[in-house]
Amino acid sequence: MTQAQKGICAEPNLHALYLIFNVIDDDDQAMRSKLAYILELFTHFDEEHYEAMVSGILAVGSHYWHELYPGLIPLELAPFPDMHCEDRNAPVSPGDLFVQIRADRLDICHAIGTEICQILQPHVDLLEEVRGFRYLDGRDLTGFIGSTHNPKGMHKFEVAIVGDNDADFAGGSYIHVQKYQFNMPKWQMLNESSQEDLMGCAKNSNMPFKPEAMMDYSHAKRSTFSADNQERITLLHQSMPFGDMSVQGTMFVSCASSPQPFKKMLRSMIFGTEQGMYDKLLDYMSAESGGAFFAPSVSFIKQQAKT
């Protein structure tokens, strides 16, 4: 039976470290072996520091996949959906490997990240390093809880993990990553009522508005329904805030059994309805990067390391 990577459906943590690498040589066999070793590293830290609730995701970029595992292609593997409408953009950025490290201890995230960078040398360049953190009671930096519609319990696995419809890649997950930066001064100029209309829920209680009271341009509506408002979109979000006193944002990470839900969500947010009702949260945040990856099962990574 295939085993999904633990980090895909893991419960939220206090800290995260996100790493994106470009592979700069063609030693594919070495990379296949090193990816399997990184999975062992996650297991080692999880067992040695069980109180930290360590988990990880190791995912391969849609372009690099064809080099690393030639002839073995997930059924729906596709590049990141590059979308632009007026001043709303979902840019594509380079990235051959995506690593998500999460734990309830910042030092453990750092230690794992350091070892991964050492393991992957001299085959890679580090393109992006982002440290995420839990903010208050699981809110993003807008002050709202962004994962209200996340599936719970066993439903998470149905949403996030590839099933028997693609038997060779069962246990895998399609991962989409975007780095968003908030315009916090502009956001903070809105009063609470305006913020709630824009988000589609009450700020303090996080209770979603009733459908008849929810604006078509609200983030809750546009990120969970298709552009025609007929289809509900379900993704497993593993996102976390990041920032300092100068720059604030969120590292958006979604996991799904197909890339289609993310593509529909992005289209609904950026292009909106036929009446032009796009996600107005995009007036207050902008995507700086975007990448499409596939996180194979533990079984697949270990098996391919031997070939």
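Which residues do ring pairs link into a cluster? I found Trp-65, Tyr-69, Phe-169, Tyr-174, Phe-294 and Phe-300.

**Ground rules**

I am working on a predicted model, where local features need pLDDT of at least 70, side-chain atom pairs count only at pLDDT 80 or more, and totals for chains, interfaces and linings use all residues. Residues are numbered from 1 along each chain as its sequence is written, and side-chain values use heavy atoms, with hydrogens and water left out.

**Aromatic pairs**

I searched the whole structure and got 14 aromatic pairs. A pair here means rings of Phe, Tyr or Trp (its six-membered ring) with centres within 6.5 Å; planes under 30 degrees apart are stacked, over 60 edge-to-face, and the rest tilted. I looked up Trp-65 and Tyr-69: they form a tilted pair, 4.7 Å centre to centre, with 55 degrees between the planes. Both Trp-65 and Tyr-69 are buried. Buried stands for under 20% relative accessible area, exposed for over 50%, and partly exposed for what lies in between (1.4 Å probe, protein chains only).

Next I took Phe-169 and Phe-294. Their rings are edge-to-face, 5.9 Å centre to centre and 85 degrees between the planes. Phe-169 sits in the loop between α4 (155–160) and β7, and Phe-294 in strand β11, so this pair ties together parts that are 125 residues apart in sequence. I take helices (H or I, at least four residues) and strands (E, at least two) as DSSP runs, numbered from the N terminus. Phe-169 counts as buried because its relative accessible area is 4%. Phe-294 is buried too, at 0%.

**Charges over rings**

I then checked for Lys and Arg over rings. The test asks for NZ of Lys or CZ of Arg within 6 Å of the ring centre and within 35 degrees of the ring normal. Arg-88 lies over the face of Tyr-278, 3.6 Å from the ring centre. Lys-280 has its charged end over the ring of Tyr-217, 4.9 Å from the centre.

**Ile-270**

Arg-88 and Tyr-278 turned up again around Ile-270. This residue belongs to helix α8 (residues 260–270). Is Ile-270 buried or exposed? Ile-270 is buried, because its relative accessibility is 2%. Leaving out residues up to four places away in sequence, Ile-270 touches Met-83, His-84, Cys-85, Arg-88, Asn-89, Ala-90, Tyr-278 and Leu-282. Contact means heavy atoms within 4.5 Å. I also looked at Ile-270 against Gln-3: 267 residues apart along the chain, with 35 Å between the C-alpha atoms.

**Ser-218**

Ser-218 is in the loop between α6 (192–199) and α7 (219–222). I note Ser-218 as buried, because its relative accessible area is 0%. Beyond residues up to four places away in sequence, Ser-218 touches Asp-197, Leu-198, Met-199, Gly-200 and Asp-279.

**Cavities**

Rolling a probe the size of a water molecule over the atoms shows where empty space is left. On a 1 Å grid over the protein atoms alone, a cavity is a set of points where a 1.4 Å probe fits but cannot get out; a pocket is an open set with protein on both sides within 12 Å along at least five of seven lines; lining residues have an atom within 4 Å of a point. Grid points are joined across faces, edges and corners, and a volume is the space filled by probe spheres set on the points.

I count two cavities of 30 Å³ or more. β11 has the largest share, four residues. By class I get four nonpolar, six polar and no charged. Nonpolar covers Ala, Val, Leu, Ile, Met, Phe, Trp, Tyr, Cys and Pro; charged covers Asp, Glu, Lys and Arg; polar covers the others, Gly among them.

The second largest cavity holds about 40 Å³. Glu-76, Leu-77, Ala-78, Tyr-174, Ile-175, His-176, Pro-259, Ala-292 and Phe-293 line it. Here too β7 and β11 give two or more residues, with the largest share, three residues, from β7. The classes are seven nonpolar, one polar and one charged.

**A pocket**

α1 (28–48), β2 (55–61) and α9 (298–304) each supply at least two. α1 gives the largest share, five residues.
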